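Please keep the sequence and the structure in view while reading.

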Amino acid sequence: MNSPWPKGKKLVHLDLKGAPPRVEYLHRLIELFSQLGVDGLLVEYEDMFPYEGGLKLLQATAQPAYSREEVLSMQEFARSKGMEVIPLVQTFGHMEFVLKHRPMWSLREMGHCVSTLNPHKEEGFRLVMEMLRQVVELHPGLNTLHIGADEVYMLGEGGESKLWLASPGRTVEQLFLKHVTKVAQAIKEAWPHMTIIMWDDMMRGMTQDTLKASGLVGLVQPMLWDYTPNLDVDTTVSLLEKYCSAGMSELWAASSFKGSTSVYTCVPSTQRHVDNHVQWLQVAASLSAAVNLQGIAITGWQRYDHLSVLCELMHVALPSLAACLQTLDHGQFSAEAQSRVTERLGIPSVEVDAIGRTSADDSLFPGRKLAELTVELDSLLNSEDVRFFENNMYVRGWFSPFQRQREMVSPLITMQIHSQASTYLATLQEKAEAVREEMVRLYPDSTAQEWMEEHVSPVVAPLQKITEDISACLNQMGL
């Protein structure tokens, strides 16, 4: 058994770039987080922030961005529950929601890479600072800011970067550090009291000397992220110790309670995410006294990036989140930790796909009904009989493309195929409508539409096509 998570903040990450919760549901989630012992929220607004002036085009169009009043009320409610709010604003990589807009195209490092900002253009730097200014201004009393800076793809590949790198001794690592240091220094000049957090991954391969020479030491607190259930403890400890030896002793961990299994996963495995936290507990227990661990951000991605599909949504991942928090509190996912989760949420199992359909209300588990419906529909969508209907023996044997084209079909068997396909279709449509109806209560209409088109339509379309083709064939045969 490991020791419980050492002193430090436990933050829950709210990824609002996909399926942003309606305000009422967001407040219910914050209420639950406070009851689960969460100390703060790491809020990644992206296009859901109410940017103004020249940045108004950054606001989402599929659904309205949160209003200024809603952003303020969310913070006020979180504070009333004893939680701080830390905004996360991307300033280098993962700027898809900015650089996808035509007026911003010239600010890309590479034309075909929508995520990475060109670090040489002063206009790009001013853009980043204006985004930060608007976010800070709408967070009264803010003292901590996360500037992102992970996965800065294609850096060094642009024309201006290649010119810069042509000077002897210059490296892509220095180019990365130069931009991030410039942003961090500007933040400190504008808001001297501000603590700055950033993702660590672009610095993992750097030497201590490179980090020390960057000017970044003393400006930022790196947040090392690893969401895998088999996280390499020794490697992670070595990385944290390296940052500490370079002078960056105030460090953060980042784990995951959802959104890190695969880009299109719909229902999370609690055990997978619990395993990730058990590994992080081992890391925390192995660090030297010099490392000042500030806390852990438990991430919950709604999308891998702005342009990817939705992955697990918040409502299906609350048992996983509760289990991960209890694992940190107990030092392991003990029987006591499990019973705390099941009692707190009023569920029979910590695995969301095993809680079954009940008539229980969702006062303990906000979004429970939608979670149950989602699991049920996901199970049907992924059943082999439905997903691979066209591969079953009868379709391949008596209603192949060759037979359809020549209308050489057995009416008796094709009518049986039609009957089975129609039954599946009716069941799918009934369950999908129940999910849609409940989903629009918690998320925007656009989220429900996207979820249906991504998960349901690809399974329904082949079934509809086969029923239509059979009907046409039988009609040609006078039946």
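## Cysteines

In this predicted model, the sulfur of Cys113 lies 20 Å from the closest cysteine sulfur, that of Cys311, which is too far for a bond. A disulfide is a covalent bond between the sulfur atoms of two cysteines. To count as a disulfide, the two sulfur atoms must be within 2.5 Å. A search of the whole structure finds zero disulfides.

Are Cys113 and Cys473 buried or exposed? Cys113 has a relative accessibility of 9% and therefore counts as buried, since the cut-off for this class is under 20%. Cys473 also counts as buried, because its relative accessibility is 6%.

## The sheet

Strands of a sheet pair through backbone hydrogen bonds, either parallel or antiparallel. Here, eight strands form an open sheet with parallel pairing, in the order S3-S2-S1-S10-S9-S8-S7-S6. Strand S3 (84-87) and strand S6 (144-146) are the edge strands, each of which pairs on one side only. From one strand to the next, the twist averages 30 degrees.

Three bridges join S6 to strand S7 (residues 195-199) in the parallel sense. His146 has Ile197 in S7 as its bridge partner.

Helix H6 (residues 172-190) packs on the sheet, where it touches S6, S7 and strand S8 (220-225). The direction of helix H6 makes about 155 degrees with that of S7.

Definitions and conventions
Residues numbered from 1 in each chain as written. Predicted model: local features only at pLDDT ≥ 70, side-chain atom pairs only at ≥ 80, totals over all residues. Heavy atoms only, no water. Buried < 20%, exposed > 50% of the residue type's maximum accessible area, 1.4 Å probe, protein only. Pairing = 2+ DSSP bridges. Helix = DSSP H or I, 4+ residues; strand = E, 2+ residues; numbered from the N terminus. Axes fitted to C-alpha atoms, helices over the stretch in contact; angles between N-to-C directions. Contact = heavy atoms within 4.5 Å.
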